[in-house]
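Q: I would like a close look at a single part of this structure. Please take it slowly and keep the answer connected.

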Amino acid sequence: MIMNKLTDKKKINALIFLCAAAYFISYLSRLNYAAVMAEFIAESGLPKATAVKPITAISITYGLGQLVSGYLGDRIKPRHIITGGFILTTIMNFVMPFAAPNIGAMTVVWAINGFAQAMMWPPLVKIMTTALDRKTYDRATVLVSYGSSSGNIAVYLIAPAFISLSAGWKSIFFFSGCCAFALIFIWNIAMNRFEKAGVPQPELNRGKKQDKGTSGTAAVIRSLGIALPLIMLAIIAQGMIRDGVTSWMPTFIGETYNLGTSISILSGVILPIFSIVSFEVTSYIQKKWFQNELLCAGIIAAVAAACSLLLFALMGLNAVVAILLSALIVACMHGMNLILICMLPAAFGRFGNVSMISGLLNFCTYIGSAISTYGMGKISDIWGWDAVIISWIVIAAIAAVSCFICVNRWKQFKEE
């Protein structure tokens, strides 16, 4: 059965705003430990490779949870999956301060939070692809991505403010938990109204038989061939740089340029500001210049490699220059993420498993995230920040090459 897409502009804007708000709170309640990690390291005296364990754990469980969430999103009402995720993340944010300073307990709590957070994105994609036509969906992904960047900005503004006011780094978790708790009620009240207003609801696959030749993940693999693992490799590389730089930049800036933890944490605000700009720039150049998504993503990755090389050449000269170049690198990765994670899943609509594909691709992001958040800290401890910057150059180049190889196959896939 083909559902009519939503055409009422007020309802479209309301749905997009609600999804963006959910994504905002999701980021606020997931990135808060990364935002205060520099302060936690300074207070606890733990090595970076030890203090980063909760971030490594949340990256692993968040990535694995994407597969579960993607699978469930095609079979259970997505709104219920998201509600469950916010209930669990509320609890974990309230528990996290009491787990400190036991790094083992903190790692377990944050690992559970990662699984809760994984219940957000694939169901949101399912909701939006069901209710919105392709053009509106592409624009919606940009606007909803603003929610993630805004959440990032908020946590990097609030965290140093709390620390400066002597509330301590633990207070950010209580604040985030309260926000997530409030979102549970807002989300369900709004979704009830949408259902009553006739907003198209996802058609669920509860074990019904489908034509295996034209549906399912296996059909996607057959259709894309070698291009699929290369796309996944590019996404892994993107996740390594995006989350690795985001997690470690406050520590990198603080140690390299001898800045206080509050100031170095505040420097992290510029990353999501640049990412918001990158969403608009990426969306524009993809539509106007490079309509092949893989070509556009490859060019963006190449720009990130060039910025990383320039950062290495100018290492240690000026904190402002280092922050700006780091922000450009992260902005490029957010642009790649917009294309490969947000826009690409809509092309798989004919296979009937948008949520599953969305979860699979996002899973790859957090494979990269898990590797980089631990690996970059370890590299820094052993060889210093110069070696970390070199790793960014190599990883970005791998992402660019992987995308360029897939350009022609992706063009054929979209034309089939």
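With which residue does Lys77 form a salt bridge, and how far apart are the closest N and O atoms?

A: The model is a predicted one. In it, Lys77 forms a salt bridge with Glu195, and the closest N and O atoms are 3.5 Å apart. Lys77 sits in the loop between α4 (53-73) and α5 (78-99), while Glu195 belongs to helix α9 (residues 171-196), so this pair ties together parts that are 118 residues apart in sequence.

Next, consider how open each partner is. Lys77 has a relative accessible area of 33%, which makes the residue partly exposed. Glu195 is also partly exposed, with a relative accessible area of 27%. Both values fall between the limits of 20% for buried and 50% for exposed.

Glu195 has a further partner. A salt bridge joins Glu195 to Arg79, with the closest N and O atoms 3.2 Å apart. This pair, too, links distant parts of the chain, since Glu195 is in helix α9 and Arg79 is in helix α5, 116 residues away. Arg79 is buried, because its relative accessible area of 7% is under the 20% limit.

The two pairs can now be put together. Lys77, Arg79 and Glu195 form one network, joined by salt bridges that share partners. The count of salt bridges in the model comes to two. Glu195 is the residue that takes part in the pair with Lys77 and in the pair with Arg79.

Methods:
Residues are numbered from 1 along each chain as its sequence is written. This is a predicted model: local features need pLDDT of at least 70, side-chain atom pairs count only at pLDDT 80 or more; totals for chains, interfaces and linings use all residues. Side-chain values use heavy atoms; hydrogens and water are left out. A salt bridge is a side-chain nitrogen of Lys or Arg within 4 Å of a carboxyl oxygen of Asp or Glu. Helices (H or I, at least four residues) and strands (E, at least two) are DSSP runs, numbered from the N terminus. Buried means under 20% relative accessible area, exposed over 50%, partly exposed in between (1.4 Å probe, protein chains only).
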